[in-house]
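Here are my notes for anyone opening this one for the first time.

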Amino acid sequence: MDKKTALKINEIQRLFKNIIGDNVIHRSVQSTFSQKMEGCACDDGKCQKGRCGCFFAFGYRQCNSRCRCVAATCKNRSLLSGSPYVQRNALEIFHTEGKSWGLRTCVPISSGSFVVEYVGEYISIQEYTKRNKKGTALNYQLMVREHFPKHNKILRHVIDATEIGNCARFINHACAPNLEVRPLRVDTMLPRFALYAKRDIQKGEELCISYGNPPPKAYQAYAQKCHCGSEECLGYLPYDPDAGGQSDTMTVA
């Protein structure tokens with residue numbers, strides 16, 4: 001790794017909290033998303049569905065700094081507590097074969113563990129489309145589509161870690177990923193995106209998520225080849241026509 005690259009990586013890793021872009025949310029709903037959430041009254045620390053106000057039907061919420069539950073015993077505070085793997089410097093950026101940079105773990109990770117938060121700049125869908133049209137060789141945009149069938153709603157959120165972010169921006173796609181993305185709400189209705197282990201992960205294993213669905217046959221000519229190397233490899237990176245054809249844009253349904 002040359003000094004210029006090492007310096008850039010170190011600068012990126014210094015961001016630990018999302019930055020909200022100028023046009024991330026339409027003004028008509030901005031106040032709703034920025035409104036502070038109340039805390040729960042579980043003073044015994046036993047936060048669970050059915051009795052804790054931090055579990056609710058519209059999405060998934062974690063306890064925040066205004067909750068009365070005991071931080072040391074509450075199991076619904078992974079984002080507030082922070083990733084133990086980041087705190088222990090147990091995640092390592094490395095150069096992969098055929099996929100540029102990647103992220104791997106230096107220690108075993110148990111299934112269901114919170115590994116890292118995807119951090120960057122919240123941007124609007126319009127800004128997302130605008131930036132994709134520039135045609136950069138690499139982009140580090142995470143688009144998450146939240147489906148709420150009960151409410152007949154689909155919410156789309158975008159975090160761009162191209163210029164500002166943390167080590168999660170180096171996580172590559174895999175057709176059989178070992179991480180999953182969970183939109184979690186902590187202090188406001190604007191979600192944060194936590195990456196959890198889908199299975200037990202071995203020391204030295206590369207960390208990967210799914211960028212989205214494989215492209216239909218009609219779009220395979222435009223999509224990039226997938227180099228995840230898994231037995232379940234579908235051959236192509238996801239291709240999203242609605243995102244300006246960016247096949248390396250992370251899209252999680």
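**Notes on the model**

1. Let's start with a residue on the outside. At 66% relative accessibility, N89 counts as exposed; the cut-offs are under 20% relative accessible area for buried, over 50% for exposed, and partly exposed in between, with a 1.4 Å probe and protein chains only. You'll find N89 in the loop between α4 (84-87) and β2. Its backbone is worth a look too: N89 is not a glycine, yet its phi is positive, about 55 degrees. For background, most residues other than glycine have a negative phi.

2. Some ground rules before going on. This is a predicted model, in which local features need pLDDT of at least 70 and side-chain atom pairs count only at pLDDT 80 or more, while totals for chains, interfaces and linings use all residues. Residues are numbered from 1 along each chain as its sequence is written, and side-chain values use heavy atoms, leaving out hydrogens and water.

3. How far can you trust it? The mean pLDDT (the predictor's confidence in each residue, from 0 to 100) is 78 for the protein chain, and 76% of its residues reach 70 or more. A contact here means heavy atoms within 4.5 Å. Where pLDDT is low, the predicted coordinates should not be read in detail.

4. Now the overall picture. The protein chain holds 5 helices and 12 strands; these are DSSP runs numbered from the N terminus, H or I of at least four residues for helices and E of at least two for strands. Of its 253 residues, 49% count as buried. Among contacts between residues at least 6 apart in sequence, 66% join residues at least 24 apart. The accessible surface comes to about 13,900 Å², with 49% of it belonging to carbon and sulfur atoms; such areas come from the Shrake-Rupley method with a 1.4 Å probe, and for residues only the protein chains shown count as cover.

5. Strand β2 (residues 91-95) pairs with β3 in the antiparallel sense over 5 bridges, where pairing asks for at least two bridges found by DSSP. H95 stands opposite W101 in β3. Strand β3 (residues 101-105) has 4 of its 5 residues buried, so the rest of the structure largely encloses it. Between the two strands lie 5 residues, and G98 in this hairpin takes a positive phi near 85 degrees. S100, also in the loop between β2 and β3, has a positive phi near 60 degrees despite not being a glycine. S100 is partly exposed, at a relative accessible area of 27%.

6. What does β7 pair with? Strand β7 (residues 153-160) is joined to β5 (residues 121-123) by 3 bridges, running antiparallel. It is also joined to β6 (residues 141-148), again antiparallel, by 8 bridges. Within β7, I159 is the bridge partner of Y122, and I154 is that of H147. The hairpin of β6 and β7 has 4 residues between the strands, and there N152 takes a positive phi near 55 degrees.

7. Which residues of helix α5 (residues 125-132) are buried? They are I125, Y128 and N132. Because they cover an arc of only 55 degrees around the axis, they sit on the same side of α5; the arc is that of the directions from the helix axis to the C-beta atoms. These buried residues pack against β5, β6 and β7. Q126 and K130, on the other side of α5, are exposed.

8. Take a moment for Y60, in the loop between α2 (27-34) and α3 (78-81). It is partly exposed, with a relative accessible area of 30%. Not counting residues up to four places away in sequence, Y60 touches F55, N76, P183, L184 and R185. The C-alpha atoms of Y60 and V186 are separated by 9.0 Å, although the two residues are 126 apart along the chain.

9. Last, the cysteines. Searching the whole structure turns up 0 disulfides, a disulfide being a pair of cysteine sulfur atoms within 2.5 Å. C226 is buried, at 11% relative accessible area, and C228 is buried at 17%.
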